[in-house]
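Please open the structure and follow along point by point.

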Amino acid sequence: MAIDDVKISDAIIKTFSQKLHSILETDVAIVGGGPAGLCDSYYLARDGHNVVLFERKLSIGGGMWGGGIMFNQIVVQKEGKQLLDEFGIRSVEVDSGYYAADSVEAVTAIGSAACKAGAVIMNLFSVEDVLIRDERIDGLVVNWSSVEIAGLHVDPISVGSKFVIDATGHAAEIAHIIERKVGAKLLTPTGHVIGERSMWADVAEMLTLENTKEIFPHVYVAGMACNAVFGGPRMGPIFGGMLLSGKKVAELVGKRLEGLTKT
Ligand code: 48H
């Protein structure tokens with residue numbers, strides 16, 4: 001059979017349009033496709049929720065591909081190792097309680113699990129604003145990253161979602177947008193984004209998990225963004241906290257969604 005070039009275009013346009021249409025109203029919109037956002041999209045989709053994840057870059061994986069100083073290995077602690085096992089990611093115990101895994105295997109395994117569970121991943125999309133209704137976030141405003149990068153004057157589109165998760169890493173972009181554009185106080189001790197502190201893996205891993213929570217009505221924070229928002233230290237190339245934070249936020253948001261269904 002001869003291959004028809006136009007039919008290839010037709011297949012892409014038809015299926016992509018369906019996908020785009022399917023994410024106009026979702027249960028959860030996740031911003032950022034690093035380890036925290038990916039993990040979180042997997043657990044929420046697995047539990048039957050409609051999930052979309054927006055990632056600015058061409059590739060998902062955020063800061064995980066590069067391991068530490070571009071040595072493409074990640075380290076996780078005992079608690080994180082359980083998640084590696086859940087995703088079928090192989091690891092070796094290098095020292096007692098220090099497990100190393102291939103970062104490429106980690107990104108691709110979690111990404112694949114998320115897609116197969118039903119999460120819709122929209123790469124090349126940047127979230128540039130939020131929808132606020134009745135003093136809570138009701139969705140996101142998105143545009144092609146290429147528009148953002150080229151500085152083109154092209155208006156974005158809006159998507160509705162019951163909950164939003166800021167998994168944008170060090171930048172904590174959604175928290176900053178809420179502070180700047182909505183002029184609202186965040187649910188932090190100061191009411192503002194406090195800012196990330198210097199490296200201290202032990203404390204950082206604990207605080208990442210502790211600070212995985214709601215920061216504004218219907219907005220949760222996960223992963224590195226927790227440390228930026230609540231003033232926790234950074235932790236370098238240990239990734240257990242990112243994965244565990246992704247799992248925790250999925251549990252918290254999942255419970256809220258169940259609550260909405262009951263009322
Ligand atoms: C769409 C966006 C937007 C936007 C950002 O940085 P990440 O990998 O974040 P985490 O929290 O999953 O993992 C953090 C980890 O990678 C890390 O940096 C660690 C452990 N550092 C320790 C240290 O000491 O430095 O991924 C965030 C993703 C990126 O891919 C961005 O492109 C994306 O979010 N993103 N996507 N719209 N507005 N902002």
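**Notes on the ligand site**

1. Let's start at the ligand: one of its nitrogen atoms is 3.0 Å from a polar backbone atom of V127. A polar contact here is a pair of N or O atoms within 3.5 Å; within protein, one must be able to donate a hydrogen and the other to accept it, and residues adjacent in sequence count only if both atoms are side-chain atoms. Do keep in mind that this is a predicted model, where local features need pLDDT of at least 70 and side-chain atom pairs count only at pLDDT 80 or more, while totals for chains, interfaces and linings use all residues. Residues are numbered from 1 along each chain as its sequence is written, and side-chain values use heavy atoms, with hydrogens and water left out.

2. A polar side-chain atom of R234 is 2.7 Å from a ligand oxygen, and for H170 an N or O atom of the side chain is 3.1 Å from a ligand oxygen.

3. Now look at the whole shell. The ligand is surrounded by 27 residues (each with a heavy atom within 4 Å of it), and E55, G63, M224, R234 and G236 are the closest.

4. Which element gives the most to this shell? That is β7, with three residues. At least two residues each come from α2 (35-46), β2 (51-55) and β7 (125-133); helices (H or I, at least four residues) and strands (E, at least two) are DSSP runs, numbered from the N terminus.
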